[in-house]
Amino acid sequence: MDSLDFKVGELLKEIILDDSAIETLDRAVSSVADAIESIPEQLVSADAAPKFVADLGVPTDKKLSFTFKSPESIQVGGSHSIRSVAKPDINVDLLVRMPKECFHEKDYLNHRYHAKRLLYLRVIEKSLTTCPVVRKIGWSSFQNEARKPVLIVFPVVKSAELSDFFIRIIPTATSLFSISKLSLTRNNVRAFTQECGQTQATPKYNSSILEDMFLEENSEFVRKAFHEWKSLKEALLLLKVWARNRSSIYTHNCLNGYLIAVILSYLTVESGGNLITKSMNRMQIFRVTLKFIATSNLMGKGLCLQPRGQCNKSKEDMNQFLQSFDIIFLDSSCSFNLFFRLTRTAFEELRDEASWMLSSIDKCRGGGFEEVFLTKVDFTAKFDSCLRINLKGNSKICSSNYCMDDECWRISEKDVHSLLQQGLTDRARFVRVIWRSTPSDWNVEDGFSNFGNEPMLVGVLVSSQEKSFRVVDIGPNPENKEEVMKFRKFWGEKAELRRFRDGTIAESTVWECEPWARHLIIKRICEYLFAKHFLLTKDDVVHIVDQLDFCLKLSDPESSSGALLEAFELLSKRLRLLEEIPLRISSVQPLDPALRHTSVFPPQPHPLAYEKGVNKKPSKLATTSIQSLDVMIQLEGSGNWPVDRVAIEKTKSAFLLKIGESLQEHSGALCIATKDEVNVLMSGYSFCLRIMHEKGLNMLRNQGGSDKIKVTSSVDKELLIRSQHSSMINGLHGRYPTYGPVVRLAKRWVSAHLFSSFLAEEAIELVVAYLFLKPFPFHAPCSRVTGFLRFLRMLSNYDWAFSPLIVDINEDFTPKDEKEIDENFMLSRKSCEENAQNVEPAMFLAAPYDKASEAWTRSSPNRSVLKRISSYAQSSADLLTNLILHGADGPYTWECLFRTPLNTYDAVVLLHHNKLSNPQHLLFPAEMNCGKQVIRGKASKDFQPYMILGGGVQSLEDARNKVMVNFDPTRCFLEDLKREFPNTFKVWHDSLGGDAIGLTWEKKDSRKRSRDGEDASRTETTDALKRVGEVGKGLVKSVHLFKVPRR
Amino acid sequence: MGKDKKVGKAAQGTTKSLPKLTKKKLKLEEDPDSGNQTAGGASTEAENNLRILKGKKVWKAAKGTSKLLVKLRKKKLKLEEDPSFDDQTVEGASTEAKNNLRILKEHKKNKAKPMEKKGKLSKRKKGGEDNKSFTSNGGQHLNKDDHVFDLINSGQTSENGSVEVKEQSETVGSSGVEEACIGKRIKTKKLKRVGKSKRSDHVSEKKVQLEKLAEVDSEKVDEISSVDEDCTRGMKKWLINYKESRQGLKILQQRIDEFITAYEAQQEQERREREAIAAEGGWTVVVHHKGRKKTTDSESGITVGSVAQAAVLDNMARKKNKEVALDFYRFKKQEAQRSEVMLLQSKFEQDKKRIQQLRAARKFRPY
């Protein structure tokens, strides 16, 4: 038994109801059925639900009154009838056949059937409310169709597992009306006319009645197919789980459990080509079905449950169907289209999802179990941008009747879709519009007035960066008058006649904007179109694109990164041309994240960091501290290097000093050096030069050979890995332009929640890279919000304990590489088997340059920290999902994603935020009014993060002397803390400039339980915290104690 | 548990013993012993824990008003012990508890006024600590079974620590009954709870803060002394360090030159000594070197016996091929097969274990 099969088996165990539960279910259902059967005859009239009847547009006359008679038959339909109810949605469909005597022959006309159908249900509702077996009764609609309500009955059930279980009472109309009267071409809603007064066919309306007429027959067909066929049932359950995880295809206008069952039973019979046979197992059936969905010609030709010969439909009839519906799948009677609710786009999405699934199963590790069955592919994570449109009370929808042939909500779904499709053209690969119009707590007495209160959801899949974010749309040629008229009508004042560089003249629309705001173009287009065609204001349309940009706003990276890269190029050119140093410089490589577009705050050009000759107009204010960018240099080979490690480092420094000096002489760059680092200030930036020496690498290898356990990290090794990482990530950024912003959001999130000291920046980059390289079951994200959401979900859901994360950046891992990684992983996990607490590394990240996960996550995060990170990620992901779907609700705003609770630490140190090296990077000043304040302190006067330039008094030289390279008080403080309090506490901080530092006590070994040591330890900790304050003198504002360490 | 003790102590001052309550308490103290025997299975451990706690409390804080906790616990215990109690009595009991608490609260209010300042302070501390211990515990030792009950307890104290007494008694009333029957589910429950608490923390944090502590005694807090004078610590030190380490290129260069000269001199001396030894006796010990021959002389850096590395590797590879195949003997082949089977078997075992763990972590639930 392979592991996928095993996992699937476990999954099935989780969702299948056990026998005892089924028994309780059956008992409850039969008691409800008995209660319905015993309802006495009674007269019913429209008074029972006047608003519903009025909203349907049916006159309340005598024709609606009838004598209620108990149903002809009551039987269980749907998933419970074939024993395939999947937890957690436990419900049973009860098909109640309304007796013929209750209806007139012509009731199929003008919604009279629908009105009476409801009145019939009203009687059942009334009598069930007094029934002792019923706990609660509610209303819902059948497949979101407002005119077909169903009764939701919650029976009294004692079992906790079945507490949410309910029964749907669905009326059926078996053989109530003549089928020919309901054929597609007929008009049965007389008010539905064309402009000239001619009546139009009402295929949707007719199908709505036909559906009720054939419900029993079709569910009988399904029941027969599933009878005593275990693997088919299991496959159905699996397909349901698969579809249910994809909220955009498991909806009213696409798939549901019943339709999946129909498809499966179709595939077992002759007309479906007997694709499923008894010898197949569940996963084979699963795959065959997906393949069928992905490749079938439901759309072009239409299918029929009955085999060719028995289907009595002529070609013309079929054509008629093709004209009326997008997707055709005729039922066993050959006169009703089971898929009449499916729209073309919905089906396209379904097909795309199925085929993408099939192709990605093979690319996933372990058969893709997680990707297929466990990962939620909901609206928010799937689409690149989501729109929430509030159409409540919109004049365009409310003006017409609620229901004619189709319902007004479905029609506006279609309208919005076609509007966006036309407006976005090839910018969007896919647009999906879904409006769950039925209110969750619907009462039929209110009629349809509360329908559509929920916002409409629109998902847009972006096609590609270049197409989607282009500035100009070119329309038709002015000579083509008809097209021009259309174009002008659609775009209104936005349309303009333009002459392009290649000489063509054409109608066009232009969306000019800054290069960094290109991702907002789609939003602008949508807002414009909705305002023009739906008269919606900006408040009614919420487009999720830029809501998170506030935390990156301070700098727009794309414009400044150009200058930065230029400066780097200039530096490397100058370095390579240097001639005064004994060895020439053979290569210059960037190491800093800012040079690969992944830094949250890439440095801004500093007015004092220019060469002497360059006269930049100095700004008034500048930061005192300059962030330096690491650059790696390699020298040409020589045999004259010393062999001793210290001597090598000294020689490197000597080289660097020499280089700095000559740069200073030749180009006027400023060189600021200590004995460990050399910084060159030029073109507005500061670069920190490092030399990588190959021999250093070899030395390490030799040492490692003799003593494998003790792996000493050498400077050269670290530099090598960093340069490899840097160049690979840079390549990735070239392939996926959205990668940069997503990484920046992710980094901001990690540091905002004070995880900076535990999760290396490079590790975050790798995790995000994985989202782009192995996006299954999604496509690679094309928007920052979606990418960020997937990052959070990945952090929280990934099975870090049992699987390595293999980030195949260049996509060139061979099976041998993977095997090697797996072996490394097993090795690292083996040691932890005895001691489950110490899994090192808790996060196994394998990259092409580091197959043993030694580079970034070797020592941290450990298991407990990782657990904390994932639970934070989980809650942030939930919040983000909620924000996208429902918007900010009260205090739950977008900022909350980056606001971290401070009362979860043992002690908190607050810093003076105007003494941070970059106060402008602070997101929210920390507020603290709980915990015991232990000590507080004044801010130092000696350090100011900003300095005022100009004024003539200061010369450039003086000002330059005040500039501090790489000076960060917070970092100094943390270093001192580590030195003064080794192994006392864990330090949680925000490397991007937060003003709060969390402390948690490290666990003490001593197991002594001193009874009266409590007070002593309290004063002890207070004293320790006071010393913490002393160490950070001038920076620390206050120290707060929350919890004394446990002893 | 130490925390609870603290609670008792802190509260000790605020309310003097209330005769009525102590009496009741004593009465309650007596009956659990008999009742404990009836308690069954999963709940015993939890009870034991509680009993220890309670015992300590009675012993230590005889006068303390931590009765609040003790009593609630006891009430719960009672409910646990007596399975014959039906729902109604549970309700009754909890309302009774509520009433008691209300009385207690009132008394507290009346009596505690003179001590208010201190009381508030300690209360604040208590609240903060309790809340915190709850969440951070959850974060840290999620998997330790021994902590499970601790956690439940501390979780409850955090509830108790909050000011709303009414709510508290309700939660205890209901959760007490639940807890009695749930032994093994606790773990998962707790996991959930941690997640939830984190979630709500996003927002509730602020509210809680505001509620809990309106005023901070700013006068009593010590202040860090001589911020701008002390050069040995803090900002001043960092600034001085920064300046001192950047003395200019010339000086740095000089230092490095000094080091290199010293280093070279040392090397030179070592070399001389070696030469001297060699010259003295004319003998050197020849040591066999394992591994690849050195291609560069370490001292002069001159390439000596130059052999291309590729060539060596090639040579070695060729040599390997000449070695006798592993399966030359039949028994070797069998052995290899056996070991492979063993390997597969162990891998299978490992997979099984893994799946067991996955199942425990509910990794198969698609919702």
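1. A:I389 stands opposite A:V541, a residue of strand β16(A). The facing strand β10 of chain A covers residues 385-389 and pairs with β16(A) in the antiparallel sense over 4 bridges. Pairing here requires at least two bridges found by DSSP between the strands. Strands (E, at least two residues) and helices (H or I, at least four residues) are DSSP runs numbered from the N terminus.

2. The model is predicted: local features need pLDDT of at least 70 and side-chain atom pairs pLDDT 80 or more, while totals for chains, interfaces and linings use all residues, and side-chain values use heavy atoms, without hydrogens and water. Residues are numbered from 1 along each chain as its sequence is written, with chains lettered from A and ligands numbered from 1 in the order written.

3. In chain A, β10 and β16 belong to an open, antiparallel sheet of 4 strands, ordered β11-β12-β10-β16. Its edge strands, β11 (428-434) and β16 (541-544), each pair on one side only. Neighbouring strands are turned against each other by 15° on average, direction ignored.

4. Which strands does helix α18 of chain A lie across? This helix, residues 521-533, lies across β10, β12 (456-462) and β16 of chain A, and runs at about 165° to β16(A). Axes are lines fitted to C-alpha atoms, for helices over the stretch in contact (heavy atoms within 4.5 Å); angles run from 0 to 180 degrees between N-to-C directions.

5. The C-alpha centres of domains 1 and 4 of chain A lie 48 Å apart. Domain 1 is assigned 379-471 + 511-546, and domain 4 903-1004 + 1014-1041; such bounds come from an automatic or database assignment.
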